[in-house]
Amino acid sequence: GNADPLARQSYAFARKLTRLNVKVDTLFFPENYKPSLTHEYQFDFNNPAGKMAMEKTAAFLSSAVKKQEY
């Protein structure tokens with residue numbers, strides 16, 4: 001979230017993984033996004049941003065699982 005105290009680490013982590021050629025799908029909101037999104041906003045399903053984050057997470061995981069061979 002844009003008001004998450006861990007946001008800096010999230011940006012750095014995404015950059016590092018990208019440099020290592022790891023598939024990364026980010027969802028970063030602008031600093032002026034309202035309402036401000038704190039740590040773990042994605043679990044607030046009454047907030048459209050929370051719903052969007054969970055939907056993107058589910059789609060990413062679904063895509064990753066489909067690529068696995070069993």
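Here is a short walk through the charged pairs and the nonpolar core of this predicted model.

Local features need pLDDT of at least 70 and side-chain atom pairs count only at pLDDT 80 or more, while totals for chains, interfaces and linings use all residues. Residues are numbered from 1 along each chain as its sequence is written, and side-chain values use heavy atoms, with hydrogens and water left out.

Let's start with charge. A search of the whole structure turns up one salt bridge, meaning a side-chain nitrogen of Lys or Arg within 4 Å of a carboxyl oxygen of Asp or Glu. The partners are D25 and K56, whose closest N and O atoms are 3.4 Å apart. D25 sits in the loop between α1 (7–19) and α2 (48–66) and K56 in helix α2, so the pair ties together parts that are 31 residues apart in sequence. Helices here are DSSP runs (H or I, at least four residues), numbered from the N terminus. D25 is partly exposed at 43% relative accessible area, and K56 is partly exposed at 30%; buried is under 20%, exposed over 50%, and partly exposed in between (1.4 Å probe, protein chains only).

Now turn to D4, in the segment before α1. D4 is buried yet has no salt bridge, and the nearest side chain of opposite charge, R8, is 11 Å away. For such charges, Lys and Arg count as positive and Asp and Glu as negative, with His and the chain ends not counted. Leaving aside residues up to four places away in sequence, D4 touches L37, T38 and H39, where contact means heavy atoms within 4.5 Å.

L37 leads us onward: with F29, Y41, A49 and A53, L37 makes up the largest nonpolar core. Such a core is a set of buried Ala, Val, Leu, Ile, Met, Phe, Trp, Tyr and Cys residues joined through side-chain atoms within 4.5 Å.

Definitions and conventions: Helices (H or I, at least four residues) and strands (E, at least two) are DSSP runs, numbered from the N terminus.
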